[in-house]
Amino acid sequence: MASEIEISNKGVQILEKCYTTALRGLPTSESADVLARDYLLKNNENVHKSANKLINAQIAKCATTGFVTGLGGLITLPITLPADVAGNLYVQIRMIASLAVMGGYSPYDDEVKTMIYMTLVGMTVEDVIKITGIKVGNKLALQAVKQIPRQVIGKINQKVGFRLMTRFGEKGIINLSKLVPVAGGGIGAIFDGITTKIIASRAKKTFIG
């Protein structure tokens with residue numbers, strides 16, 4: 001039986017791989033930074049308009065199986081996830097990172113990366129308070145995250161990784177006891193267009209307001 005630490009570590013590894021890929025981009029997909037700046041350029045630097053158009057486009061992509069399956073095939077993860085799940089995870093992380101860039105934040109900062117992870121899995125203010133004692137969860141609070149010791153940031157990331165893996169297990173995508181993919185599991189329900197819309201709403205509120 002896999003321990004919570006093992007499950008958390010695998011979750012963090014998946015997040016880190018997708019995050020690195022989102023910042024670098026793929027042959028068929030721009031990096032988060034380029035994506036953000038392209039939308040800003042096309043919309044006369046209007047942040048809210050750019051954010052809304054970017055969000056709508058990413059929701060449409062996550063609802064298009066062919067698109068996200070193709071992306072998933074380009075991402076090598078620590079655990080073999082179905083291509084549509086890996087592709088959607090990449091699109092969602094890149095979307096959140098792009099919104100952070102539009103809001104004036106650098107996705108290369110560890111604190112911003114942690115907030116992006118939290119936004120992805122829906123970690124609440126109360127969750128973070130339990131771990132750090134510091135209230136985070138909105139744009140202004142991002143400054144407070146910079147005061148959190150690095151080892152505590154790591155602890156938050158572990159919690160995020162565990163939550164991500166638990167969702168995979170609940171949807172029948174991964175057998176958590178063995179940390180292996182489950183063939184024919186309930187794929188798509190967690191990473192569909194509706195979920196992406198919810199994540200996008202959280203991300204915009206967090207990084208743009």
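Helices here are DSSP runs of H or I with at least four residues, strands are E runs of at least two, and both are numbered from the N terminus. Before going further, note that this is a predicted model, in which local features need pLDDT of at least 70, side-chain atom pairs count only at pLDDT 80 or more, and totals for chains, interfaces and linings use all residues. Residues are numbered from 1 along each chain as its sequence is written, and side-chain values use heavy atoms, with hydrogens and water left out.

Back to α9 itself, which covers residues 150-170. Its 21 residues reach 30 Å from first C-alpha to last, close to the 30 Å expected at 1.5 Å a residue; that expected span is 1.5 Å times one less than the number of residues. The helix has a set of buried residues, namely Ile 153, Ile 156, Asn 157, Val 160, Gly 161, Leu 164, Met 165 and Phe 168. Buried means under 20% relative accessible area, exposed means over 50%, and partly exposed lies in between, using a 1.4 Å probe and protein chains only.

Now zoom out. The protein has ten helices and two strands, and from the N terminus on they run α-α-α-α-α-α-α-α-α-β-β-α. Of its 209 residues, 51% are buried. Take the contacts (heavy atoms within 4.5 Å) with a separation of 6 or more: 70% of them join residues 24 or more positions apart.

What sits in the largest nonpolar core? That core has 65 residues, and those with the most contacts inside it are Ile 14, Leu 81, Leu 99, Met 102, Met 165 and Phe 168. Its largest share, 13 residues, comes from helix α5 (residues 83-102). A nonpolar core, by the way, is a set of buried Ala, Val, Leu, Ile, Met, Phe, Trp, Tyr and Cys residues joined through side-chain atoms within 4.5 Å. Follow Leu 81 and, setting aside neighbours within four places in sequence, you find it in contact with Ile 14, Phe 168, Ile 173 and Ile 174.

Helix α3 (residues 47-62) is worth a look too. Its 16 residues should span 22 Å at 1.5 Å a residue, and its end C-alpha atoms are 22 Å apart, so the two agree. Buried along α3 are Ser 50, Ala 51, Leu 54, Ile 55, Gln 58, Ile 59 and Cys 62. They lie on the same side of α3 because they cover an arc of only 160 degrees around the axis, taken from the directions from the helix axis to the C-beta atoms. These buried residues pack against α2 (32-42), α4 (65-72), α5 and α10. At the start of α3, a side-chain oxygen of Asn 46 comes within 3.3 Å of the backbone nitrogen of His 48.

What about the cysteines? Cys 18 is buried at 0% relative accessible area, and Cys 62 is buried at 6%. Counting pairs of cysteine sulfur atoms within 2.5 Å as disulfides, the total is zero.

Finally, the two ends. Ser 3 sits in the segment before α1 (4-24) and is partly exposed at 33%. Ser 3 and Lys 178 are 175 residues apart in sequence, yet 9.8 Å apart in space, C-alpha to C-alpha. Thr 206 belongs to helix α10 (residues 193-207) and is buried at 7%. The side chain of Thr 206 reaches the backbone oxygen of Arg 202 at 2.9 Å.

How values were computed
A polar contact is a pair of N or O atoms within 3.5 Å; within protein, one must be able to donate a hydrogen and the other to accept it, and residues adjacent in sequence count only if both atoms are side-chain atoms.
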